[in-house]
Amino acid sequence: MIGDIRETKECQLKDPMDLFNSGQVVKICAPMVRYSKLAFRTLVRKYNCDLCYTPMIVAADFVRSAKARDSEFTTNKGDHPLIVQFAAKEAQVLCDAARIICPFADGIDLNCGCPQRWAISEGYGACLINKPELVKDMVRHVWSQIDNPKFSVSIKIRIHEDLKRTVDLCQKAEAAGVSWITVHGRSIEERHQPVHYDAIKIIKQSMSIPIVANGDIKTLKDAENVHHLTEADGIMVARGLLANPAMFAGYEETPFQCIQDWVDIALEHGTPFTCFHHHLMYMMELITSKQEKKVFNVLSSTSAVLDYLNNHYGV
């Protein structure tokens, strides 16, 4: 990681707001536990992804432990614009994390949307949507201690059953100087229920900062439809990009060139086998038969996977 960070210092960090000011819908790779790491970000950037997030990092651990920093965050000079997402519940801890990351990333995002029980019980994630004054304070604190005007501070939220509360939260965050807000159009309790795109549209119409829509976007056509429904400035995709990293380039399923690119990038980055294999399982979901999946999904080494891809697909 240290070599990568030194390399990043020499490169030009980017202003993510330039993307939102371009007049084009910003295409974004979501923060995904285990998956949206450097190698995968490198892949989706090859296929028209404009902005990438890291997986969520617990800010307190990141500040306290060099070991945590080395294991949780890796970047390089091509990995921009890059947003580092933090889980935090104290303003100063988030500030400290932001100051450490500032030379190597283009912005931070405060996770106010993770619905997992462990996160909520620790005071992180989606429970913050019920603490608008704390969110406001955290955003203000970061701005008071970061002197780079191109650095962004964003938040990612879920919605309340009573949408007025969500609009109030967003307006408080806007008043504190938040750069943009990503809205996952479900409440904390909702998992697989339909996404409330109408709610995202109401939030968008209530704000003057960019709003990013998130939730159940699987194809480029979905992204276009959600943009039309919500008028959002950006579209953030998670599982849709796992299944098809070339989605934003207009491919309806993962092209073989993208699989080849993943193999090359993952080997170059020394991606652990489990992560390497899982990404391929996602990418090949739509292009392999049940019988092929049974064989491919139980392969247990990089060499076995490479042999399989070569023998069956010429990759």
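Reply: Start with a term. A salt bridge is a side-chain nitrogen of Lys or Arg within 4 Å of a carboxyl oxygen of Asp or Glu. In general, side chains of opposite charge can pair when their charged atoms come close.

Now the ground rules. This is a predicted model: local features need pLDDT of at least 70, side-chain atom pairs count only at pLDDT 80 or more, and totals for chains, interfaces and linings use all residues. Residues are numbered from 1 along each chain as its sequence is written, and side-chain values use heavy atoms, with hydrogens and water left out.

The chain splits into domain 1 (16-248) and domain 2 (256-313). Those bounds come from an automatic or database domain assignment. Taken over C-alpha atoms, the two centres are 29 Å apart. Where do the domains touch? Contact (heavy atoms within 4.5 Å) involves 14 residues of domain 1 and 12 residues of domain 2.

Next comes area. Buried area is the accessible area (1.4 Å probe) that two parts lose on being put together, summed over both. Between domain 1 and domain 2 it is about 1,200 Å², and carbon and sulfur atoms give 71% of it. Y35, A39 and L43 supply 40% of the area that domain 1 buries against domain 2, more than any other three residues.

What about charge pairs? Between domain 1 and domain 2 there are 0 salt bridges. Polar contacts do turn up there: 4 residue pairs, both residues at pLDDT 80 or more. A polar contact is a pair of N or O atoms within 3.5 Å; within protein, one must be able to donate a hydrogen and the other to accept it, and residues adjacent in sequence count only if both atoms are side-chain atoms.

Which elements does domain 1 bring? Helices (H or I, at least four residues) and strands (E, at least two) are DSSP runs, numbered from the N terminus. On the side of domain 1 that touches domain 2, α3 and α12 each give two or more residues. The largest share, 5 residues, comes from α3.

Now look at helix α14 (residues 273-283). Its buried residues are C275, F276, H277, H279, L280 and M283. Buried means under 20% relative accessible area, exposed over 50%, and partly exposed in between (1.4 Å probe, protein chains only). These buried residues of α14 pack against several helices, including α3 (38-45), α12 (239-243) and α13 (256-269). Both α15 (290-296) and α16 (302-313) are partners too.

So where are the salt bridges? The whole structure has 11 of them. One network links R41, R45 and D79. Another salt bridge joins R239 and D216, with the closest N and O atoms 3.8 Å apart. This pair links distant parts of the chain: R239 is in helix α12, while D216 is in the loop between β8 (211-214) and α11, 23 residues apart. R239 is partly exposed, with a relative accessible area of 48%. D216 is partly exposed as well, at 32%.

N48 sits in the loop between α3 and β2 (51-53). Phi of N48 is near 70°, a positive value in a residue other than glycine. Most residues other than glycine have a negative phi. N48 is partly exposed, with a relative accessible area of 43%.
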